[in-house]
Each structure stands twice: as C-alpha cells, then as structure tokens.
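Here's a quick briefing to read with the model open beside you. Take a look at the fold, then work through the notes by topic.

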Amino acid sequence: RNLHRVIGLAALGLAAWAARADGQLLISEFSAANKDAIEDRDGDSSDWIEIFNPSTQTVNLAGWRLTDDPADPAKWVFPATNMAPGAYLVVFASDKDRAIPGEELHTNFELSKSGEYLALLNSTGGVAHAFSPAYPAQLTDVSYGLMPGGTTNVLIQTNAACRYVVP
C-alpha cells in the first residue's frame, strides 16, 4: 500500500508555467510531514518547500517572502539569492530561521500536517503563488504540489456523495 506519489494540486503543464510573467516564481512542491524523505544539514527531517523559476529571467529573491499566515505576509524574508531560469530551490520549513545567502535556507515557521495557508510573495508584497485558503491534510513522506505536463480532470466534486471499490 506504500504508493510513493505526488499529488497534483492544479496539474499545470510546463507550457502554462512558461505563460506566466517573467520573474514569477511558484511553490512547485512541499512536504508538511517529512519524516524520512529529506534531511537538512543538521540531520533533521524538517518540512520543506520547493520554489521553481519557470521564467526566462534570473530572479533575485531579495525581499521575496514565505508565510503560513495570511495576516503576516512578511513572516519569513529571503536573502539576496539569484534563481536562474528553470532553477529549483529548497527552503526548509523548520522554525530555525536561517536566511544567509549561499547557505541552506530555513523559515521561522513549520508547516502543519493538517493543512494551512502557504504563500510565496514577491518583493513588493504581491502574492506570486498561494495554497489558499489552505492546502489539504498531508500524508507522511508524501510531497504535494504541481505536476508538470499534467492535466486536471475533476471526477468528483468536493463534498459530493460517492462510492468506491478498493481491489
């Protein structure tokens, strides 16, 4: 029953990502219940957030922010760090609060396994990408995020009555 899987939130294709404005970053994936998947430099299995730059330009992250609280949009601020086009960056959501350029980055908050708001804001405070009002409850060592090249097919609406069979 251990199905290593990535659950696609909004299954956006790379073409759709490329259609975003230059300099627009995304939270491409995160783990709010990391137990054994990835360790930080301290050997801790901290939660993590992966940022992706789908644009054709290098983006300087100085002043960009991550938050798990819509009332505190500047909860954790990135240091001056350049992200090349097509690059990914992992930020640990460990409550260790480390923001030193060129070093492993750690937010001053952890992610909730039961689900919560998560947003990436640009340097002017605009929301670049958010899981709002909240991402759903998470499974241990299963990451959650966008599926490149995927499509979205809603088979059952939220709160709809349904039956299923497990073979």
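Predicted model: local features only at pLDDT ≥ 70, side-chain atom pairs only at ≥ 80, totals over all residues.

A residue is called buried under 20% relative accessible area, exposed over 50%, and partly exposed in between (1.4 Å probe, protein chains only). Residues are numbered from 1 along each chain as its sequence is written, and side-chain values use heavy atoms, with hydrogens and water left out.

**Salt bridges**

- A salt bridge here is a side-chain nitrogen of Lys or Arg within 4 Å of a carboxyl oxygen of Asp or Glu, and the whole structure has six.
- Glutamate 103 pairs with arginine 41 at 2.9 Å, N to O; the two sit 62 residues apart, arginine 41 in the loop between β2 and β3 and glutamate 103 in the loop between β8 and β9.
- Arginine 41 is partly exposed, at 48% relative accessible area.
- Lysine 96 meets aspartate 40 at 2.7 Å, N to O, and those partners are 56 residues apart.
- Aspartate 40 is buried at 5%, while lysine 96 is partly exposed at 25%.
- Lysine 96 also bridges to aspartate 44, with the closest N and O atoms 2.7 Å apart; this pair ties together parts that are 52 residues apart in sequence.
- A network of salt bridges links Asp40, Asp42, Asp44, Lys96 and Arg98.

**Strands and the hairpin**

- Strands are DSSP runs (E, at least two residues), numbered from the N terminus, and two of them pair if DSSP finds at least two bridges between them.
- Strand β10 (residues 118–121) is joined to β11 (residues 127–131) by four bridges.
- Five residues separate β10 and β11 in their hairpin, and glycine 125 in the turn has a positive phi of about 95 degrees.
- Across this pairing, alanine 119 is opposite alanine 130 and leucine 120 is opposite histidine 129.

**The nonpolar core**

- A nonpolar core is a set of buried Ala, Val, Leu, Ile, Met, Phe, Trp, Tyr and Cys residues joined through side-chain atoms within 4.5 Å.
- The largest one has 25 residues, of which Phe30, Ile49, Ile51, Leu66 and Phe78 touch the most other members.
- The largest share, three residues, comes from β8.
- Beyond its neighbours within four places in sequence, phenylalanine 78 has contacts (heavy atoms within 4.5 Å) that include Ile51, Leu66, Val91 and Leu120.
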